[in-house]
Amino acid sequence: MSPTPIDSHESVPLIAQAQGHGARTAVVAPEGKFSYDDLLTSSAEVAAILLDGASDLAEARVAFLVPAGWTYVVTQWAIWRAGGVAVPLAVSHPPAEIEYTIDDAGATVIVAHPDFESVLAPIAQSRGIPLISTDRITGSSRVALPTVADDRMATILYTSGSTGKPKGVVATHRSIQAQVETLVDAWGWSAGDHILNVLPLHHVHGIINAMACALWSGATCEILPRWNANLVWDRLGSGELTLFMGVPTIYASLIGEWEGMSAERQAALSEGVARLRLMVCGSDALPVATLERWKDISGHTLLERYGMTEIGMALSNPLVGERVPGHVGTPLPGVEVRLVEMSLDEETGEHKHGAPVSPGKAGEIQVRGPSVFREYWGRPDSTREVFDREGWFCSGDVASVEDGQYRIWGRASQDIIITGGENVSAREVEQVLALHPDVERCAVVGIRDPKWGKAVSAAVIARDGAQITRDSLREWARDRLAPYKLPQRVITLDVLPTNAMGKVVKPRLVEMFEAE
Ligand code: AMP
């Protein structure tokens with residue numbers, strides 16, 4: 001790769017910041033070890049290819065399907081530097097979901113790692129969208145890069161809402177900067193940090209909390225493309241890392257792996273992991289039993305935080321000071337949080353908002369501040385629904401404050417199932433299962449599960465006495481839904497519990513599963 005002079009008038013905040021980090025190691029990945037200078041050089045070269053003679057991509061959406069690693073980071077930065085909007089596709093998603101995301105975002109360019117070209121080529125071809133292989137995007141010459149104002153769109157990340165298909169959450173360069181700066185400050189990031197990032201890179205947790213915070217700080221982001229608990233333990237025990245972040249399921253898996261090791265390896269790894277300065281957990285409720293077991297093994301009291309794709313992180317336990325088990329701490333600097341009374345409209349099943357709650361009472365978490373997203377892409381009605389007149393974002397999560405510490409109660413709506421840290425829309429799974437030729441009607445709920453937090457669970461009414469099993473339903477749905485959305489539990493019923501309006505009474509269905 002030939003060195004390319006760097007544009008000193010860089011306007012994207014994260015990239016401008018990187019110019020001060022020069023020869024420090026930015027990324028360690030399967031492809032090798034790369035400095036900030038390498039990242040600036042390569043991303044400028046790839047930006048030139050994306051621009052293809054244009055002066056500015058002017059917020060064109062660039063969908064990219066690249067496994068977690070060096071090429072992923074270069075592609076993301078190149079899209080930003082060319083003035084485009086980064087729309088990361090999930091490597092775990094089947095073609096139907098990838099197609100949905102490309103169409104919904106209105107992508108006009110697709111970038112693909114060679115491993116995914118065969119999946120993306122027919123999608124790109126049928127839509128007349130150029131497909132660029134990451135194999136062909138190095139070594140171009142330098143071109144002038146556009147000035148990208150920080151209120152321009154930076155990313156569209158897809159997240160499941162309560163109404164069917166995933167929605168695209170639009171973040172600007174400015175909102176990303178706010179999300180990053182508050183975490184860098186609150187969690188004491190510095191250039192001396194070295195994080196192992198095992199989180200998916202189509203999600204806020206992996207993209208912002210782990211990767212962008214590291215790169216903002218001049219730290220090293222080591223990327224592991226595939227989950228492997230034994231390998232993660234090797235790295236945790238190596239003494240080279242300072243930081244690690246995971247969802248509760250990740251820590252549960254690491255606990256399981258450690259418990260199967262020899263006493264000698266256990267002792268060596270426990271000693272190594274204790275040398276990290278911070279271990280963070282979030283995206284789903286951390287069971288106190290997991291927190292305690294992890295403390296026995298590693299010496300760390302996990303720092304639990306609360307956040308969402310739409311807002312970045314909002315609440316966090318402290319870096320220094322007591323971390324209260326089962327609680328998510330207090331609002332991060334620069335993030336306004338309030339709890340508002342909610343009531344359920346018996347007729348419609350919709351939640352109504354009222355006044356801020358009295359102390360100690362549970363209410364909906366509402367968030368305001370520069371880190372909050374701009375809009376759901378192409379969905380003005382959905383955007384309007386989640387912001388109140390004073391600009392508060394209504395999260396749909398319920399919490400209370402106990403002794404000054406926030407405690408999360410869960411989703412107000414039962415239609416979002418959080419399984420292994422991933423959000424699944426019950427409605428979306430229902431819509432897919434309903435297409436099965438033997439399914440007359442179905443309803444999907446989340447059932448408490450020791451491994452996954454909640455297990456996606458489907459109740460189905462079979463057509464004309466047909467036999468539907470968990471395995472046959474999963475097998476059939478595999479081409480249509482991401483693996484974590486496939487039902488873990490399936491029951492067949494003669495009738496679903498419904499109210500007078502004919503709507504499924506989900507709390508009743510949950511009871512039926514729990515009685516099983
Ligand atoms: P996502 O947008 O995929 O990051 O999912 C955000 C959702 O995850 C939130 O709306 C919460 O319901 C849930 N969540 C995030 N952090 C926590 C936490 N510490 N405890 C409980 N739920 C959480």
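This is a predicted model: local features need pLDDT of at least 70, side-chain atom pairs count only at pLDDT 80 or more; totals for chains, interfaces and linings use all residues.
Residues are numbered from 1 along each chain as its sequence is written, and side-chain values use heavy atoms, with hydrogens and water left out.

View 1. The ligand is surrounded by 18 residues, each with a heavy atom within 4 Å of it. His 203, Glu 304, Arg 305, Thr 309 and Asp 397 are the closest.

**View 2. Domain 1 against domain 2.** An automatic or database domain assignment divides the protein into domain 1 (33-148), domain 2 (194-411) and domain 3 (416-515). Between the C-alpha centres of domain 1 and domain 2 the distance is 28 Å. Their contact (heavy atoms within 4.5 Å) takes 16 residues from domain 1 and twelve from domain 2. Together the two bury about 1,200 Å², with 62% of it on carbon and sulfur atoms; buried area is the accessible area (1.4 Å probe) that two parts lose on being put together, summed over both. Look for Tyr 36, Ala 68 and Tyr 72, which supply 39% of the area that domain 1 buries against domain 2, more than any other three residues.

**View 3. A salt bridge across the interface.** One salt bridge is found between domain 1 and domain 2, taking the term as a side-chain nitrogen of Lys or Arg within 4 Å of a carboxyl oxygen of Asp or Glu. Asp 104 pairs with Arg 379 in a salt bridge, and their closest N and O atoms are 3.2 Å apart. On the side of domain 1 that touches domain 2, the elements giving two or more residues are helix H2 (36-51), helix H3 (70-81) and helix H4 (95-105); helices are DSSP runs (H or I, at least four residues) numbered from the N terminus. H3 gives the most, with four residues.

View 4. Glu 99 and Arg 127 form a salt bridge, with closest N and O atoms 2.9 Å apart. Glu 99 sits in helix H4 and Arg 127 in helix H5 (residues 117-127), 28 residues apart.
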